[in-house]
Amino acid sequence: MTEALVSAAVAVAASIAAFTNRVHSRINRVHERINCMDQRIDNFEVKIVSNYVAKVDFERALNKIDNGMNRLDEKLDRILMKNG
């Protein structure tokens with residue numbers, strides 16, 4: 001009878017070990033996938049930063065261009081008034 005109990009205990013322990021091993025293996029695979037996705041997101045962020053301009057910077061550059069165009073327009077108006 002004790003042999004049967006020992007065999008059952010060993011079987012239960014082996015089953016628990018196998019289950020734990022499977023769960024641990026799955027956790028590792030999920031962790032690897034998460035790391036891969038994290039790396040892909042980081043790469044995407046770098047591409048976005050290198051290819052696009054922040055809205056504030058774009059507005060600042062656009063305002064500079066607009067101011068330059070206004071000055072040019074004023075100069076042309078003065079030339080036309082002088083010659084006209």
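How many salt bridges does the structure hold? The structure holds one salt bridge, a term that stands for a side-chain nitrogen of Lys or Arg within 4 Å of a carboxyl oxygen of Asp or Glu, and this tour will come to it after a look at the whole chain.

Before you select anything, keep in mind that this is a predicted model, in which local features need pLDDT of at least 70 and side-chain atom pairs count only at pLDDT 80 or more, while totals for chains, interfaces and linings use all residues. Residues are numbered from 1 along each chain as its sequence is written, and side-chain values use heavy atoms, with hydrogens and water left out.

**The whole chain**

Show the protein chain as a cartoon, and you will find two helices and zero strands (helices are DSSP runs of H or I with at least four residues, strands are runs of E with at least two, and both are numbered from the N terminus). Along the principal axes, the C-alpha atoms fill a box of roughly 120 × 15 × 10 Å. The radius of gyration of the protein chain is 36 Å, whereas a compact globule of 84 residues would have one near 12 Å (the value is taken over C-alpha atoms, and the globule rule is 2.2 Å times the number of residues to the power 0.38). Buried residues make up 0% of the 84 residues, where buried means under 20% relative accessible area, exposed means over 50%, and partly exposed lies in between, with a 1.4 Å probe and protein chains only.

**Helix H1**

Next, select Cys36, which has its place in helix H1, residues 2–51. Cys36 counts as partly exposed because its relative accessibility is 45%.

Now select Asp57 and Arg60, which both lie in helix H2, three residues apart, or about one turn of the helix. Their side chains meet in a salt bridge at 3.3 Å, N to O. Side chains of opposite charge can pair when their charged atoms come close. Asp57 is partly exposed because its relative accessibility is 37%, and Arg60 is likewise partly exposed, with a relative accessible area of 46%.

Finally, select Met69, whose place is also in helix H2, residues 55–83.
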